[in-house]
Amino acid sequence: MGRHDSSSEEDERVRRSERERGRRGSSTRVTADMPSDDRQKSRRESERKQDGLLKRDRRERDWSGSQRDKLRKEEKSEVAKPKLPELNPSDSNAIALGKTGGVYIPPFKLARMMKEMASPGFTDVFAALVAVINAKFPEVAELLLKRVVLQLKRAYKRNDKPQLLAAVKFIAHLVNQQVAEEIIALELVSVLLETPTDDSVEVAVGFVTECGAMLQDVTPKGLHGIFERFRGILHEGDIDKRVQYLIEGLFAIRKAKFQGHPAVRPELDLVEDKYSHDVSLNDEIDPDTSLNVFKPDPDFIENEKKYEALKKELLGEDESEDEDGSDASSEDNDEEEDDGSDEEQMRIRDETETNLVNLRRTIYLTIMSSVDFEEAGHKLLKIKLEPGQEMELCIMLLECCSQERTYLRYYGLLGQRFCMINKIHQENFEKCFVQQYSMIHRLETNKLRNVAKFFAHLLGTDALPWHVLAYIRLTEEDTTSSSRIFIKILFQELSEHLGIRLLNERLQDPTMQESLESIFPKDNPKNTRFAINFFTSIGLGGITESLREYLKNMPRLIMQQQKQVAESESGSDSSGSESDSDSDSSASSSSSDESDREKRKRRRRA
């Protein structure tokens, strides 16, 4: 048995050696059949690959973990990302624009954008609201549709995928609500699939999923053409596997007749008479930005009466007013009973201001814990303030702003929001401006700068009226070093926010001259020169042109005033001389009469 085992092992060894020789021979034959140039190239390529791998292994051994991560990130960033083509297919430079780089989105703007896109499930609700508005005011719905299309084009050119998805979904639901014609849906899908990329195909799949049921009923041939294009893209196989799976899922949804994706939910089908707007992607759309600006209405009273009549017709306010009247009467009776019971009880007042301290603490923590000004404003408006406590909100906001190391635009936007919401807050910020300027010498330089930038933001956005500047008197006697720094920072921020041209136009407004007489004084040449030199030294000499002209023409004005005074004085002197001569003549006549009387008396005595 032992001999047999040993012989079998030897046979296996011989067979293995023969196999290895055969492999070596076949490889040598192949290399022999190859030409010498190809052999040299293959050797060089193999040597280069081996050298590259060895160098990379050495680097990875020597480098730390953080350096490896940096290398991998750089390699990932070098990979070309697919770009979307230009939205307008008629342009010749569509592909060139689509290959340009994306747009840098700052972190705060990205956070705000993500917050807006955080609830895409309510898009159909907003579309239903637009459909209701369209039934009564079609002009408003048409304007909204045009602006959504412009937003879609803007997001498409910037390769802003989240914004594009939101706009596409909104247009899909507007098509479902028959606010927009179905032709815009076909145009949008054809543009997205003309030069397919991973992103454009993904957006097109989402769009067809949302409005496919509507297109199946309205234009079945157009929907069939769209799916044929999807099938062609799927057969080409140039896109990513993930996007291919999305297309296959879309075909499955179509096969199920878009179950789970209805055009309009029954609870959102609120309008019977629907009116559709014909808006095309290829048309030049006017956003009508002039409607964003308030313009005074000369026929305000008549238009207001028409609006009230239309409001009663649409909402039926007569019944609601009756119900409100009955509710108000019942509430008045309840309040009278409560007042009677409260008067019987003892009223206790807290003189330690504990509630005020707690209110300030709550406002401070709310301001500091909020992510952005919108969240802070929403939370602060929920705080129940007693009458007279609105001032505490403005004071705490200003205090928090002054305590920061550098000025944060967050506080300016929050103050602007409160001024726009309620006029009481605007009046309170006016009082805060007066108080801060009167005590400006008590503030440190950092606090002074933050406060000045805060009020400059409110003035630049018209949240605070400009007549508060009347409290500032820019003369050498009425200003200190702190107040001059405050005025300097205030006007420099206004010039940066508005621009020197717009700021000069605002300061030259005839309605503002009474409020600005103290900042641009014309009562004394000394004060005028001081104001001109001050604004020139801070780099804002352009707003002193009117003062310079006034100072240039001041000698002529003074001469005219002196002439008028001299003429008035000469007229008074001539009248005085005439009166003096009359008085002298009367005095001489009276003295001569007296002398005659005395002579007569003497004669009688003699």
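Biologist: Which residues is phenylalanine 455 in contact with, leaving aside its neighbours within four places in sequence?

Modeller: In this predicted model, phenylalanine 455 is in contact with Leu398, Phe429, Cys432, Phe433, Gln436, Leu464 and Leu490. Phe455 is also one of the residues with the most contacts inside the largest nonpolar core, which has 64 residues. Apart from that core lies another, of 52 residues, Val203 and Ile285 among them.

Biologist: What makes glutamate 228 and arginine 231 a salt bridge?

Modeller: The closest N and O atoms are 2.9 Å apart, and the cut-off is 4 Å, so the pair counts as a salt bridge. Both residues lie in helix H11 (residues 220-236), 3 residues apart, about one turn of the helix.

Biologist: Why is glutamate 228 called partly exposed?

Modeller: Its relative accessibility is 37%. Buried means under 20% and exposed over 50%, so a value in between is partly exposed. Arginine 231, at 31%, counts as partly exposed too.

Biologist: How do you know that aspartate 269 forms a salt bridge with lysine 274?

Modeller: The closest N and O atoms of that pair are 3.5 Å apart, and the limit is 4 Å, so the pair qualifies. Aspartate 269 is partly exposed at 45% relative accessibility, and lysine 274 is partly exposed at 31%.

Biologist: Where do glutamate 375 and lysine 379 lie?

Modeller: Both are in helix H16 (residues 373-382), 4 residues apart.

Biologist: How many salt bridges does the count come to?

Modeller: The count is 15. Lys161, Asp199, Glu202 and Arg242 are linked in a network of salt bridges.

How values were computed:
Residues numbered from 1 in each chain as written. Predicted model: local features only at pLDDT ≥ 70, side-chain atom pairs only at ≥ 80, totals over all residues. Heavy atoms only, no water. Core = buried A, V, L, I, M, F, W, Y, C linked by side-chain atoms within 4.5 Å. Buried < 20%, exposed > 50% of the residue type's maximum accessible area, 1.4 Å probe, protein only. Contact = heavy atoms within 4.5 Å. Salt bridge = Lys/Arg side-chain N within 4 Å of Asp/Glu carboxyl O. Helix = DSSP H or I, 4+ residues; strand = E, 2+ residues; numbered from the N terminus.
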